[in-house]
Amino acid sequence: MDNQVPARIANILINALKGGVVPRVGLEYITVGRAQEIAAILYDIDMISDGGASFRFIVGKYGSGKSFLLQTIRNYATAKGFAVVDADLSPERRFAGTKGQGLATYKELIQNLSTKSKPDGGALPLVLERWISGIQSAIKAQSDADGDAFDRQVEKQIYAVASSLEGMVNGFEFAKAIVTYWRAYRQDDAAMKSNVLKWFRGEYTSRKEAKADLGINFIVTDETWYDFLKIFAMFLVSAGFKGLLVVIDELVNIFKIPNSITRQNNYEKILTMYNDVLQGKASHIGFLMGGTPQCIEDKYKGLFSYEALRSRLAEGHFAADGLKDLSAPIIRLQMLTQEEMYVLVEKLRDIHAQLYKYTPTITHEDLVYFLTVEYNRVGADTHITPREVIRDFIELVNILHQNPQKRVADILGSNSFELAKGGLSDEELHADFREFEV
């Protein structure tokens, strides 16, 4: 293939996709389709870097490529100079709850803080060090001061950044923490730096403990975690980042909450975030949330069961099949077309061959044959997803590689078409893929 994929990336791609999960790296090598959706979200990202804010729901069926798109955007954003936090919701991680579920989501987000130089999470210490070294570099460029005089100028600039955050909700405490971190950094006090990181990560369980360790009579809680994300966004900009992108997947876990009051409390938190973005109360921050159509549209338990959200998010009268408003807050993912799936399996064939250092033997006709069988299984018209096709294909190329004497027809079976759709002719079944014939 033209685009050589590093062996480490190729290995991650093949293993992750075979296991049915979205790889965190290398997605640019296998992205097909979705050009309009990606362009719309990249426009949002430009707006965030200019000081704006955005909020989008990415909605698609299981296996439709929703999580794949979220990861693709996450990688794009870090490459563009953003910090990204991401988390999957679960019964233990929600937006609000009586057992610290909101705080648990915050902890997961901050733990997964990623940047271009640290794309796999855990970037908080790096961000703080970069912030301090950035201020030191700026002072060095402007002044000949050294020793204590230099430290005083750095501290003055750090206080200037801190004071700019103090006007925000909980900003005073946040500012105090970053000044405390600077002092620990200057004194090479590893224990104090560790305590400040613990505080930023939301790991203190009582204000008394935080007060004793840091002199800060405040901790991140279920009620305050979202305000903290907004402060983090502003702080990250002062540390040289373009902004903060917050990626939250598996909204279906809110839909699954059995207690209606708890569900409503979670939807109310989403509404608060959404309103903040639209009313200009948030800056340099973007939210991407992934969910299934049911968890959004179900009028009894979904997002649309909360009238204030339904009235804001429901489509107007003009969006219909084939006509999408990609500036709307909800981006709906259609399944990849059969043509796009052909391009994808062709890419995967070449990546597999490159990884295991062999010349691909699967021909154009073999790929058409494989996809025809996949798309003509009973029930495939409503239930087949890219995830299933990809898993089947990687299994196929693995078997062919391990058994070079076999051909595709041997593995799929020469009677695959008849089994797939009750005896239709090869000619009828190939009709869908006529555009690929060379």
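## Overall architecture

Among the contacts in the protein with a separation of 6 or more, 70% join residues 24 or more positions apart. The model described here is predicted. The protein contains 21 helices and five strands. Its length is 438 residues, of which 51% count as buried.

## Strand 2 and its partner

Strand 2 covers residues 83-88. Five of its six residues are buried, so the strand is largely enclosed by the rest of the structure. Strand 2 pairs with strand 3, which comprises residues 244-249. The two strands run in the parallel sense, and six bridges connect them.

Q71 belongs to helix 3, which spans residues 66-79. With a relative accessibility of 12%, Q71 counts as buried because the limit for that class is under 20%. Residues up to four places away in sequence aside, Q71 touches V22, P23, R24, L27 and D86. Two of these residues, R24 and D86, also take part with R74 in a network of salt bridges.

R93 is found in the loop between strand 2 and helix 4, the latter formed by residues 101-111. Its relative accessible area is 22%, so R93 is classed as partly exposed. When neighbours within four places in sequence are set aside, R93 is in contact with D88, Q101, A104, T105 and E108. R93 and I254 are separated by 161 residues in sequence, while their C-alpha atoms lie 9.4 Å apart in space.

## Helix 6

Helix 6 consists of 19 residues, numbered 147-165. From its first C-alpha to its last, the helix reaches 28 Å, close to the 27 Å expected at 1.5 Å a residue. The buried residues in helix 6 are F150, D151, V154, E155, I158, V161, A162 and L165. Seen down the helix axis, these buried residues fall within an arc of 130°, so they line one face of helix 6.

On the other side of helix 6, R152, K156 and S164 are exposed. The buried residues of the helix pack against three other helices: helix 5 (124-142), helix 7 (171-186) and helix 10 (225-238).

## Helix 12

Helix 12 extends over residues 260-278 and has 19 residues. At 1.5 Å a residue it should span 27 Å, and its end C-alpha atoms are 27 Å apart, which agrees. The buried residues in helix 12 are T262, R263, N266, Y267, K269, I270, L271, M273, Y274, N275, D276 and V277.

Both strands and helices contribute to the cover over these residues. The strands that take part include strand 1 (53-59) and strand 4 (285-291). The helices include helix 10, helix 11 (252-255), helix 13 (293-297) and helix 14 (307-313). Helix 10 is also among the elements against which the buried residues of helix 6 pack.

## Salt bridges

The structure holds 16 salt bridges. One of them joins the side chains of R349 and D350, with a distance of 3.0 Å from N to O. Both R349 and D350 are buried.

Another salt bridge links the side chains of R201 and E203 at 3.3 Å, N to O. R201 has a relative accessibility of 24% and counts as partly exposed. E203, with a relative accessible area of 37%, is partly exposed as well. A further salt bridge brings together the side chains of R407 and D410, at 3.6 Å from N to O. R407 has a relative accessible area of 53% and is therefore exposed, whereas D410, at 40% relative accessibility, counts as partly exposed.

How values were computed:
Residues are numbered from 1 along each chain as its sequence is written. This is a predicted model: local features need pLDDT of at least 70, side-chain atom pairs count only at pLDDT 80 or more; totals for chains, interfaces and linings use all residues. Side-chain values use heavy atoms; hydrogens and water are left out. A salt bridge is a side-chain nitrogen of Lys or Arg within 4 Å of a carboxyl oxygen of Asp or Glu. Buried means under 20% relative accessible area, exposed over 50%, partly exposed in between (1.4 Å probe, protein chains only). Helices (H or I, at least four residues) and strands (E, at least two) are DSSP runs, numbered from the N terminus. Two strands pair if DSSP finds at least two bridges between them. Contact means heavy atoms within 4.5 Å. The expected span of a helix is 1.5 Å times one less than its number of residues. The arc is that of the directions from the helix axis to the C-beta atoms.
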